[in-house]
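Here are my notes, in numbered points. Please read them with the model open.

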Amino acid sequence: MHYASIENISKSFGIRTLFKNISFFVEEGDKIAFVARNGSGKSTLLKIIAGLDTPDTGTIWVHKDIKVIMLQQDTPFEENKSIWDNVLRMDNPVVKVVKAYEQCLEEDPDNIEKLTDLMALVDEHNAWNFENELQQILGKLNLHHLNEPVKNLSGGQRKRVALAQSLIEMQLHQGRCLLILDEPTNHLDVSMIEWLEDYLGAQKVTLLLVTHDRYFLDAVCNEILEMDEEKIFTYKGDYDYFLEQKSLRQEVQASELQKDKNIFRKELEWMRKQPKARTTKSKSRQDAFTEVEERVSQKKDDLEVSLQVKMTRLGGKILEMKKINKSYGDKVLIKGFDYTFKRGERVGIVGKNGVGKSTFLKIALHQELPDSGKINHGDTVVFGNFDQEGLKYKVDKRAIEYVKDFAEFFPLADGTKLSASMFMEKFGFSAEQQYTPLSKLSGGEKRRLHLLSVLFVNPNFLILDEPTNDLDLQTLRTLEEFLLDYPGCILIVSHDRYFMDRMVDHLFAFEGDGIIRDFPGNYSQYREALTNNLLTDERQIIKDLPVQEKPSPILPKKNTQQLSFNEKRELENIDKELHQLQKEKTNLELQLSSGNLAFEELQKAAERIGQLTTLIDEKEMRWLELSEKV
């Protein structure tokens, strides 16, 4: 059955074109994922199909017997009404009966007479299957206290209420619907994401979705539509197939672009030589030249990220957490946690929502105090903190100006520098987007700019709290390539299983009641251990699981030699001395650049900078010699 036709639709905002004359069709049983850069119009296109927005040109046709149901990124609610009233706001007799029955169970369970009457009504409407689905959806999405007003809920709870609303409405129409989901896995913990992919995979539903979760995409979808260069490209297969076919397409385009450039050069020379009075034949050639010129100007080479980071030197002491305890009332989040971070470690944090993952990060950063225990930071540690609060700005300025407030250049390992503009291009900000005001950026573009600004200050210890939320798949690949080459420490909280499997070498698994398991493996290995009941003790370490492909951690080389007492003292002092020398050098460089020093003072400052540079080099060489023995 033909569900929907999207024919030659275009959409622009001002001078910015999102997509132009795109067409595709949706057939019964299709499960389609949209892939595109943030800000390229994915959410707008979904809203147009759902009838919540209109195209500038083109037509949308949806079969009259099909109900279109959409989960938006920001679903509007009736704020003063309860979760119940928002989840079950459909005007349907089955919904009304089941709602009355469920409310009676929650509010007046001892009223046997009323319950009996309501059960008879549920029987009469043949609504027990719907009631069972309702209970499953609400239970799996951890939605309880259903009389709570929606205005009191957190952002994550609101997202789950909206998702429950869409799934319940889908059940009412028993597959005769087009379900549109915009980032359905945001704010869900891993167990919820795994349940949702199993649930959608088992349903006879026609589906359009936008997601950044590649495991979820592969499990649920059988087709990928990519929006690129204002056009639509179709791929019948999984994400790996999409990457392979896209690569082939880009190779063909690169070849065509080179041919067009050669033609353009020849025709440009001809155009310059031609007299102003043209014949009919030369006029047609002029039109052909214009077409080639447009093709050449529109095609852009994709910038692949290849950043050899010149990271700030990281000393022997990095981050120590000793006997950390944290509770809120009777809820224990962290109990007796001990850990000392080593250079090059890549640690992932997993666990259900509300078990204390974000609180743990805030304690590690000294943004929140533990109830007891100590946090020690090394003198050389420079933290880069990507939190869930997002982009912070008081004055609305252009994106490039926001980045330049942090630094003008990004230093590379070969001694060269990358300008703020070029660094932004690496993360998908075109020249036009760089000069877009912050207030005009999409939600995904703001997340991408926030991430970029954290990386741009060149930290040596990255703390990333849900970095994949609202990022497009292309930006995720860029981020992954950057992090795989990153030599510093990384601490990541993420529900993206693919991202965690690729990025981390061991996990802190928050298992509730303050228990944090240090698990030596990636997320898939941890899930396998749970599935096979291999985690019998809360502190047990699993060593016999099959090793999956993941990036090797960059760790210091081990040596069997031991440091003497004097060498240990020397190593500890070098860290402090280097910090002081670097600080003095930085202050002198600032004085030199100020232009306020007299000639004699300038000479003295320049001589001292030379001495400091020599001292720093000597100290760093000695530090490396001693470190190799540790």
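1. Start at lysine 42. This residue touches Phe34, Val35, Ala36, Arg37, Val210, Met227 and Asp472, leaving out residues up to four places away in sequence. Bear in mind that the model is predicted.

2. Lysine 42 belongs to helix α1, which covers residues 42-49. The C-alpha atom of lysine 42 is 9.5 Å from that of leucine 209, and the two residues are 167 residues apart along the chain.

3. Is lysine 42 buried or exposed? Its relative accessible area is 11%. Buried means under 20%, so lysine 42 counts as buried.

4. Now take lysine 374. It sits in strand β13, residues 372-377. Its contacts, with neighbours within four places in sequence set aside, are Glu320, Met321, Lys322 and Ile324.

5. Lysine 323 also deserves a look. Along the chain, lysine 323 and lysine 374 are 51 residues apart. Their C-alpha atoms are separated by 6.9 Å.

6. Lysine 374 has a relative accessibility of 58%. The cut-off for exposed is over 50%, so lysine 374 counts as exposed.

7. Some figures for the protein as a whole. There are 20 helices and 20 strands. Of the 630 residues, 47% count as buried. The accessible surface comes to about 32000 Å². Carbon and sulfur atoms account for 48% of that surface.

8. Last, the contacts across the protein. Take those between residues at least 6 apart in sequence: 69% of them join residues at least 24 apart.

Key
Residues are numbered from 1 along each chain as its sequence is written. This is a predicted model: local features need pLDDT of at least 70, side-chain atom pairs count only at pLDDT 80 or more; totals for chains, interfaces and linings use all residues. Side-chain values use heavy atoms; hydrogens and water are left out. Helices (H or I, at least four residues) and strands (E, at least two) are DSSP runs, numbered from the N terminus. Buried means under 20% relative accessible area, exposed over 50%, partly exposed in between (1.4 Å probe, protein chains only). Contact means heavy atoms within 4.5 Å. Accessible areas come from the Shrake-Rupley method with a 1.4 Å probe; for residues, only the protein chains shown count as cover.
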